[in-house]
Amino acid sequence: MPKRKKLTKPERREARLRKARQWALTYEGSHIVRAYRKRFKVDYTCALNDLESIGALDPEKLAAMRQAEQRRLDQRQRNREAKAAQALHDRFPDSNDTFFYIAGYTSGGAPYGVTWAEMGLAPWQDPDDTV
């Protein structure tokens with residue numbers, strides 16, 4: 001018995017859209033994107049694209065959902081960057097934008113120590129990344 005040939009990505013999408021047209025006609029819930037994602041195991045953007053192509057969502061609602069998803073992704077990226085910056089700051093607690101290592105402070109309160117330039121690094125660059 002020969003093995004079945006795997007479908008290519010466009011073929012899988014066409015099959016999914018064929019099934020989705022029938023599914024959308026019988027769907028009675030209020031969260032069609034969530035149900036589509038769960039039913040067909042795709043991400044949010046793919047679900048929006050598929051539902052747009054079969055005409056299951058009106059353009060105004062689709063645009064609002066795309067904007068909300070973009071805001072969510074932007075917020076997630078900002079959180080990821082903030083977490084990375086905080087981890088780097090936690091790794092180098094005796095540093096600032098000028099000094100790689102602050103050895104101490106003068107009586108007037110000015111810091112002194114080793115600067116980033118003396119180390120041959122850009123500010124907040126990971127010393128392990130140097131090659």
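1. Leaving aside neighbours within four places in sequence, glutamate 69 is in contact with Tyr44 and Thr45, contact meaning heavy atoms within 4.5 Å. Glutamate 69 belongs to helix H4, residues 59-91. Its relative accessible area is 10%, so glutamate 69 is buried; the term buried stands for under 20% relative accessible area, exposed for over 50% and partly exposed for values in between, with a 1.4 Å probe and protein chains only. The side chain of glutamate 69 also makes a polar contact, at 2.8 Å, with the side chain of arginine 72. A polar contact is a pair of N or O atoms within 3.5 Å; within protein, one must be able to donate a hydrogen and the other to accept it, and residues adjacent in sequence count only if both atoms are side-chain atoms.

2. On the basis of this note: the model is predicted, local features need pLDDT of at least 70, side-chain atom pairs count only at pLDDT 80 or more, and totals for chains, interfaces and linings use all residues. Residues are numbered from 1 along each chain as its sequence is written, and side-chain values use heavy atoms, with hydrogens and water left out.

3. Helix H1 (residues 9-26) and helix H2 (residues 32-40) have axes that come within 12 Å and cross at roughly 135 degrees. Helices are DSSP runs (H or I, at least four residues), numbered from the N terminus; axes are lines fitted to C-alpha atoms, for helices over the stretch in contact, and angles run from 0 to 180 degrees between N-to-C directions. H1 and H2 are therefore oblique to each other. Angles under 35 degrees count as roughly parallel, over 145 as roughly antiparallel, 65 to 115 as roughly perpendicular and the rest as oblique. From H1, Arg16, Leu17, Lys19, Ala20 and Trp23 meet Ile32, Ala35, Tyr36, Arg39 and Phe40 of H2. By class, this contact of H1 with H2 has seven nonpolar, no polar and three charged residues. Here Ala, Val, Leu, Ile, Met, Phe, Trp, Tyr, Cys and Pro count as nonpolar, Asp, Glu, Lys and Arg as charged, and the others, Gly among them, as polar.

4. The axes of H2 and H3 come within 9 Å, crossing at roughly 110 degrees, and the two helices are therefore roughly perpendicular to each other. On the H2 side, Ile32, Val33, Tyr36 and Arg37 meet Tyr44, Ala47, Leu48, Asp50 and Leu51 of H3. Seven nonpolar, no polar and two charged residues make up the contact of H2 with H3.

5. For H1 and H3, the axes come within 10 Å and cross at roughly 65 degrees. That makes H1 roughly perpendicular to H3. Arg13, Arg16, Leu17, Ala20, Arg21 and Ala24 of H1 make this contact with Cys46, Asn49, Asp50, Ser53 and Ile54 of H3. The residues of the contact divide into five nonpolar, two polar and four charged.

6. Within H3, Cys46, Ala47, Leu48, Asp50, Leu51 and Ile54 are buried. The cover over the buried residues of H3 includes H1, H2 and H4.

7. Two backbone angles deserve a check. Lysine 41, in the loop between H2 and helix H3 (44-54), has a positive phi of about 55 degrees although it is not a glycine. Most residues other than glycine have a negative phi. Lysine 41 is exposed, with a relative accessible area of 72%.
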